[in-house]
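I opened the model to look up how some of its parts pack together. These are my notes.

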Amino acid sequence: MRLDGRRRSGNIEDRRGISGRAIGVGGGILGAVIIGIITLLSGGNIGDVARNVMGSQGVSQQRQEYVETPEDKELADFVSVILAGTEDVWTEIFRQNGWGEYEPPKMVLFHGSVQSGCGGATSQTGPFYCSADKTVYIDLDFLKDMETDIGGGGDFAYAYVIAHEVGHHVQNLLGILPETHRKRAEVSESEANKISVRTELQADYLAGVWGHTDNRMFQSLEPGDVEEALDVAAKIGDDYLQKKAYGREMPESFNHGRSEWRVRWLKKGLDSGDPNGGDTFSIPYSSL
């Protein structure tokens, strides 16, 4: 991505020096990695997800002093520029569509563990958006480990991770996220999972809309950037991750969508840039 000269966001809170490193014990490293990957890019009931991860791992809150490395500083600067880009893009989109004034989310950088408005979480939870405090939480180690953990990375792939969580914030501001939370509480687990899939795919689409518009406004994309993001989207599909973890897929437990669905909706947003073109809720589930 071309980001030289771009402004940085003023909506970032750095808690890396105070959160400490939470060290998981029990359950095995593979279990922690799989749980973390499957909850990647998660939105909504993150408090429950975080408690499940912490409970399954028997987390011990041993603290280790955090020291920022040059790589950490570079990534912190990067996410600040990307967050600023989402602020600029969504401010313009909200204005153009008569949706009122865009209220940017806050971003919290943490290291190891953190307390959010949705409950406690560890880095194993992955980046997440908490609707209760309208904040995106991210441990930068997640970005550093993407290549080894899921076999994909690159600057636009990292930006996609952030833009997806901001997509949940947009859903929250538009009243979509509260409505999906309400509906999920009223139906069976399998039906609730389908609503979750639709919600996540729409956030993928909105991430694509951001990428399209950011490129139009700032000429930010370089050759290979889109391919990086689409590759990561394919590798965080529920079917891909379940086959990797368990050797088979379990469609009834999908909560983010198949790889091909995630790629399709991200690409659709990238191609169109239309914030009104991501209705994942009214089409048949099998057609997602």
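Entry 1, a helix pair. I worked on a predicted model. I looked up how H9 and H11 run relative to each other: their axes make an angle of about 150°. Angles over 145 degrees count as roughly antiparallel, so H9 and H11 are roughly antiparallel to each other. I noted that the axes of H9 and H11 lie 8 Å apart and that their crossing is right-handed.

I then listed the residues in contact. H9 brings Val226, Ala229, Leu230, Ala233 and Ala234. From H11 they meet Ser259, Arg262, Val263, Leu266, Lys267 and Leu270. Sorted by class, the contact of H9 with H11 has eight nonpolar, one polar and two charged residues.

I found that the largest nonpolar core has 55 residues. Trp90, Leu143, Met146 and Trp210 have the most contacts inside this core. Among the elements that give two or more residues to the core are H4, H5, H8, and again H9 and H11. H4 gives the most, with 11 residues.

I checked Met146 by itself. Leaving out residues up to four places away in sequence, Met146 touches Gly151, Gly152, Gly153, Ala157, Tyr158, Val161 and Val232. I also noted a second, separate core of eight residues, including Val108, Val114, Ala121 and Tyr137.

Is Gly126 buried or exposed? Gly126 sits in the loop between strands E5 and E6. Its relative accessibility is 5%, and buried means under 20%, so Gly126 counts as buried.

Key. Residues numbered from 1 in each chain as written. Predicted model: local features only at pLDDT ≥ 70, side-chain atom pairs only at ≥ 80, totals over all residues. Heavy atoms only, no water. Core = buried A, V, L, I, M, F, W, Y, C linked by side-chain atoms within 4.5 Å. Buried < 20%, exposed > 50% of the residue type's maximum accessible area, 1.4 Å probe, protein only. Helix = DSSP H or I, 4+ residues; strand = E, 2+ residues; numbered from the N terminus. Contact = heavy atoms within 4.5 Å. Axes fitted to C-alpha atoms, helices over the stretch in contact; angles between N-to-C directions. Parallel < 35°, antiparallel > 145°, perpendicular 65-115°, else oblique. Left-handed = near helix turned anticlockwise from the far one by under 90°. Nonpolar A, V, L, I, M, F, W, Y, C, P; charged D, E, K, R; others polar.
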